[in-house]
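Here is a short report for a reader who is new to this structure. Look over the sequence and the model before reading on.

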Amino acid sequence: MKFPRNKLFQRIAIALAATIIIVYVYPHPENKRFNYEEGRPWNYAQLFAPFDIPVYPDSATVQRARDTLDARFIPIFELNQLVIDTIVRALPDAGSHRLKTALASELRKIYSGGVVDSETREMIEAGRLPKIRILEKNIINEMPTRSFTSPREIYLYLDSTISDPALHEYFSKAGLHEILEPNYTLNREKSEQLYDNEYELITARRGVILSGATIINKGDIITPQDFTNLRTYEAMLDEMHTNDKADDVVMLLGQFGYVALILAALMLYFYFYAPEIYEKRNAVLFIYAMITVFFLLAAGSNRFISSGIYIVPMTIIPVLMLVFFEGRTAFFVAMSATLICAGISSFALEFIFLQYCASAVAIYSLRELSRRAQLLRTSLVVAVTYIVAYASLELMMNGTFDDFNLRMVVFLLINAALTSMAYILMSAVERMFGFVSVVTLVELADINNPLLLRLSNECPGTFQHSIAVSNLASDAAQRIGANVQLIRAGALYHDIGKLKNPAFFTENQHGVNPHDALPPERSASIVIDHVADGLRLADKAGLPEVIRNFISEHHGAGMAKYFYYTYCAKNPDADPTPFRYPGPNPQSRETSLMMMADCVEAASRSLTDHSQAAITDLVNKIIDGQIADGLHNQSTLTFRDIPRIKEAFIKRLSTIYHSRVAYPSAPAAQ
């Protein structure tokens, strides 16, 4: 089998671009050695210390010690004994030395008990500062704070206790509220230095893991102390990183190979088992872009939220794939994305198992999306599957529910709920990549659609013919595994071009045939033009390309034989070109099947003998004639499909034209 070179290069470029983006975001050697979480099992092999590793207290122990330190820490203050002298000198001379001396005496008495700022005074009143440390001549002493006051309290105290009218008047004019200051002030620098020294004591290392000793065993639950030891180990590795560049390159190559192999295997799957995807560049681009985007979402969630990867609704991938393609491809793509994302998961086996179960159930529960309620049902089923799968893992790994993580359960439920967003993403994908979902096809097949409603009113015969063709083709499509919804919708629109000249088509005529007054070549032109007229109407109505294909291909490059044969009766050497439809011939199973159903349904209306033998002969004659004319050479129908299609047509037409029991005449009146 030979790859077309230009397509091969395009597909390689798409896969390579996705690989580069994913590997760029992958955890690199210099910033992450292992994926692990406190309280979960260690999923790697037994880890030995390659060098001596200091043992520091775990974060919980440090936090408790720090809380204790914060509650009991005594800050350092300094006593400025000159403050009171400065305040006394600032008192105004009021002509009476007695008044100034009396007020100064009161102030000295109060300042001897200690004065601090208002903020410190509030801490003392709240009981958070029963003592302070006093730094004096490089010696630190502790003293109680029960006698401390603040400048504001001094002012209020003097204002309420001075009984001498003259002294109170002097006090009021002295402006003490502007000159009173604390004599005990916080030495912030010394206090912070002392705090840091005490903090270093509680966080100092408490031992060492000697080189060659075990850091942690495989399967051990990671305790807070284990978590701290592992972080210390990784920090020391980072310090030595400059000497390990060669190892980093090897690890980076391994990551590139891991991602590239997964994406290459996916491309080979498309080539051998889903050629309809491989042949469409937009389809390949969509799938690889979707995998890349969901990986980036998983990496971002995991970076900012512990275990955040479990919030990302990975089941949207198989849902979207199922909507636009088919179930087997949906599962293969979902597992490819899961394997890539597992590389950034702390617990790869757990992640792969959960996504495997959820993807399989999502595909099975959905199968064919045609209503919004189906997605809600799928979200509910996925949620139940996640919980059951997670519980099974816990029992398998731990044998108990003691370590059952409710936070993980919440993440998985959020994940399942977000799966319903696939309905919103479907519209965006359809617009960006030109796909058509089953939901869109169901909406297009609604006979209340404006274009179909117009066909029903203006061309009732054509409308009934289109419905009959739709039913006939859909029945056969089920037998050969073709896209039933696509055929159903395409068949309803294949003849909309007849809206321009309804009376020129037999099914809309009522005794008068306008072709009787026209030469055969003119009649053929009008009939053939219904294809081009239909495409113009489809473009105006915004119908998707897959529906327009039914309009352009339902006659292929066939002949308007009735008018051609009529013309040949008078012109034996007639040129057949004016009597030939513009084509192209059917390019897919669905349009091929619709061409067969269109001709068979139209021809069956002219039958006078509706026996099964006559219907069988008609079906065989029409389909075999089309095949002999080469009209189906470019479609993907197989020889195995043809007998099944014939059988479906014969069975349905026989049911439609079955003979009815003759009712007896009513008895004559007595």
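## The model

This is a predicted model. The residue numbers used here start from 1 along each chain.

## An open sheet of four strands

Four strands build an open sheet. Their order is S5-S4-S3-S6, and the pairing is mixed. Strand S5 (139–144) and strand S6 (184–186) stand at the edges. Each has a single partner strand, so one side of each lacks a neighbour in the sheet. On average, neighbouring strands are turned by 40° against each other, direction ignored.

Which strands form the hairpin? S4 and S5 do, with two residues between them. Lysine 137 sits in the turn and has a positive phi of about 55°. Strand S4 (residues 131–136) pairs with S5 in the antiparallel sense, over six bridges. Within this pair, leucine 135 stands opposite isoleucine 140 in S5. Strand S3 (residues 76–79) is joined to S6 by three bridges, and these two strands also run antiparallel. Here leucine 79 faces tyrosine 184 in S6. In a regular strand, side chains alternate between the two faces of the sheet.

## Two crossing helices

Helix H4 (residues 97–111) meets helix H7 (residues 165–173). Their axes come within 10 Å and cross at roughly 75°. An angle of 65 to 115 degrees counts as roughly perpendicular. H4 and H7 are therefore roughly perpendicular to each other.

Which residues make the contact? From H4 come Arg98, Leu99, Lys100, Ala102 and Leu103. From H7 come Ala166, Leu167, Tyr170 and Phe171.

## Nonpolar cores

The largest nonpolar core has 75 residues. Phe270, Phe286, Ile287, Tyr288, Tyr310, Val333 and Ile340 have the most contacts inside it. Helix H13 (residues 281–304) gives the largest share of this core, with 11 residues.

Phenylalanine 270 touches Pro275, Ile277, Tyr278, Ile287, Tyr288, Thr329 and Val333, leaving aside residues up to four places away in sequence. A second, separate core has 50 residues. Leu451, Ala489, Ile547 and Ile650 are among them.

Is threonine 228 buried or exposed? Its relative accessibility is 14%, so threonine 228 counts as buried. This residue belongs to helix H10 (residues 224–239). Threonine 228 touches Tyr56, Pro57, Asp58 and Ser59, again not counting residues up to four places away in sequence.

Serine 604 lies in helix H27 (residues 589–604). Serine 604 is buried too, because its relative accessible area is 1% and buried means under 20%. With residues up to four places away in sequence left out, serine 604 touches His610, Leu618, Leu653 and Tyr657.

## Cysteines without disulfides

How many disulfides does a search of the whole structure find? The search finds zero. Cysteine 357 is in no disulfide. The nearest cysteine sulfur belongs to cysteine 341 and is 17 Å away. Cysteine 357 has 17% relative accessibility and so counts as buried.

A disulfide needs the two sulfur atoms within 2.5 Å. Cysteine 568 counts as buried, because its relative accessibility is 19%.

Note on methods
This is a predicted model: local features need pLDDT of at least 70, side-chain atom pairs count only at pLDDT 80 or more; totals for chains, interfaces and linings use all residues. Side-chain values use heavy atoms; hydrogens and water are left out. Buried means under 20% relative accessible area, exposed over 50%, partly exposed in between (1.4 Å probe, protein chains only). Two strands pair if DSSP finds at least two bridges between them. Axes are lines fitted to C-alpha atoms, for helices over the stretch in contact, and angles run from 0 to 180 degrees between N-to-C directions. A nonpolar core is a set of buried Ala, Val, Leu, Ile, Met, Phe, Trp, Tyr and Cys residues joined through side-chain atoms within 4.5 Å. Contact means heavy atoms within 4.5 Å. Angles under 35 degrees count as roughly parallel, over 145 as roughly antiparallel, 65 to 115 as roughly perpendicular and the rest as oblique.
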